[in-house]
Amino acid sequence: MSALNASLGYFVSVVVSAALVRLLLKKWPRFSFVSEFSSSFMLVACWLEVQTIVEVGEWAGGLGPDVTLTMLFAVLLTNGVICGAASGNPNQVALKFLQLEATTLPTLLAVAAQFLGAHLALLVATYYWNLELSDMHMIKNLMARECSTSLMVSLQQGFFTEGVCALVFHLVHLNLRNRHALIRVPLIAVLLTFLSTTARGYTSAYINPSLAYGLTFHCSGFTLIEYAVVYWLGPFTGMTLAILFYMGNIPRIFARNLFYGQKTRFRVPKGEIGDKKKK
């Protein structure tokens, strides 16, 4: 139980830090991109600890798969509740840009903030593991220098897996984005938990470039370019296909609707059309 208590204390500390940053930003709306920094920091920092429980806790700390699944869902749910519109996901920011909902400079600032948040989360987690508060964290500290990669398949299979998972996620997200948060946030958390658990033997379905950067880019086994192809290009491809399937076009690139015809909202009765022709 000491390992679980240490992990819970770590989670609470990270969540409180992210919540304080978001609370302070209400006074300075111009620096709203910092909320993406805190969201990415919270997501990556907490997911690194969940990953620790998956790799070590199930045999060193006596924590079963049900604990891991519950904690991952709780992390995703908490991130959605506290961070709100700040997703901590560069693809979500790029989606708004492609839909003409954001301009270039705010998009670049948000993406840069997300990667900085992910990098800081990795540094904080490493410092936390160095404290060796439990046997699980002591073992993780020894393993941290040579971590195991999340990419368990070939480059082509990894690209396809991340692309398909991103396509499914963004299609669901686009359909739910106008729903109330009480419905949207839990459903998105359930979907991400399901995709991550299902794809654990492939890529872990991060569907988030900054999250993948913090969790697996520093691990040996693949080069930076190979990781980028799978975890950056793959999800971006799935996201653009999701916009195309959902809207029929990509507004930032072209306006022509490829799939759906423009239909008029109001139908004119046939009788009225005939009368107009006679006149």
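## Basis

Residues are numbered from 1 along each chain as its sequence is written, and side-chain values use heavy atoms, with hydrogens and water left out. Because the model is predicted, local features need pLDDT of at least 70 and side-chain atom pairs count only at pLDDT 80 or more, while totals for chains, interfaces and linings use all residues.

## Nonpolar cores

The largest nonpolar core has 56 residues, and Trp47, Ile207 and Tyr231 have the most contacts inside it. A nonpolar core here is a set of buried Ala, Val, Leu, Ile, Met, Phe, Trp, Tyr and Cys residues joined through side-chain atoms within 4.5 Å. Buried means under 20% relative accessible area, exposed over 50%, and partly exposed in between (1.4 Å probe, protein chains only). Two or more residues come from each of helices H1 (2-25), H2 (33-60), H3 (65-83), H5 (104-130), H7 (155-176), H8 (181-198), H9 (209-215) and H10 (224-247). H2 gives the most, with eleven residues. Helices (H or I, at least four residues) and strands (E, at least two) are DSSP runs, numbered from the N terminus.

Tyrosine 231 has 0% relative accessibility and counts as buried. Leaving aside residues up to four places away in sequence, tyrosine 231 touches Ser150, Leu151, Glu162, Thr203, Tyr206, Pro209, Ala212, Thr216 and Phe217, where contact means heavy atoms within 4.5 Å. A second, separate core of eight residues includes Ala94, Leu95, Leu98 and Ile250.

## Cysteines

One disulfide (a pair of cysteine sulfur atoms within 2.5 Å) is found in a search of the whole structure. Cysteine 147 is joined to cysteine 219, with an S to S distance of 1.9 Å. The torsion about the S-S bond of this pair is about -120°, so the disulfide is left-handed. Cysteine 147 sits in the loop between helix H6 (135-143) and H7, and cysteine 219 in the loop between H9 and H10, so that distant parts of the chain, 72 residues apart, are linked. Both cysteine 147 and cysteine 219 are buried.

The sulfur of cysteine 83 lies 9.5 Å from the closest cysteine sulfur, that of cysteine 46, which is too far for a bond. Cysteine 83 is buried at a relative accessible area of 2%, and cysteine 165 is buried at 10%.

## Helix H4

Helix H4 (residues 90-98) is largely enclosed by the rest of the structure, because seven of its nine residues are buried. The buried residues are Pro90, Asn91, Gln92, Val93, Ala94, Leu95 and Leu98. At the N-terminal end, asparagine 89 caps H4, with a side-chain oxygen 2.9 Å from the backbone nitrogen of asparagine 91. Just after H4, leucine 100 has a positive phi of about 65°.

## Salt bridges

There are two salt bridges in the structure, each defined as a side-chain nitrogen of Lys or Arg within 4 Å of a carboxyl oxygen of Asp or Glu. Lysine 140 pairs with glutamate 55 at 2.9 Å, N to O. Lysine 140 is in helix H6 and glutamate 55 in helix H2, 85 residues apart. Lysine 140 is buried, with a relative accessible area of 3%.

Arginine 177 pairs with glutamate 101, their closest N and O atoms being 3.3 Å apart. Arginine 177 lies in the loop between H7 and H8, and glutamate 101 in the loop between H4 and H5, 76 residues apart. Arginine 177 is partly exposed at 28% relative accessible area, and glutamate 101 is partly exposed at 48%.

## Loop between H8 and H9

Serine 204 is found in the loop between H8 and H9 and has a positive phi of about 70° although it is not a glycine. Isoleucine 207 lies in the loop between H8 and H9, with a positive phi near 55°. Serine 204 is buried at 10% relative accessible area, and isoleucine 207 is buried at 1%.

## Aromatic pairs

The count comes to twelve aromatic pairs. Rings of Phe, Tyr and Trp (its six-membered ring) pair if their centres lie within 6.5 Å; planes under 30 degrees apart count as stacked, over 60 as edge-to-face and the rest as tilted. The rings of tyrosine 206 and tyrosine 231 have centres 5.7 Å apart and planes at 35°, so this pair is tilted. The rings of phenylalanine 217 and tryptophan 232 have centres 5.2 Å apart and planes at 25°, so this pair is stacked. One aromatic cluster is formed by Trp47, Phe115, Tyr206, Tyr213, Phe217, Phe222, Tyr227, Tyr231 and Trp232.

Notes:
A polar contact is a pair of N or O atoms within 3.5 Å; within protein, one must be able to donate a hydrogen and the other to accept it, and residues adjacent in sequence count only if both atoms are side-chain atoms.
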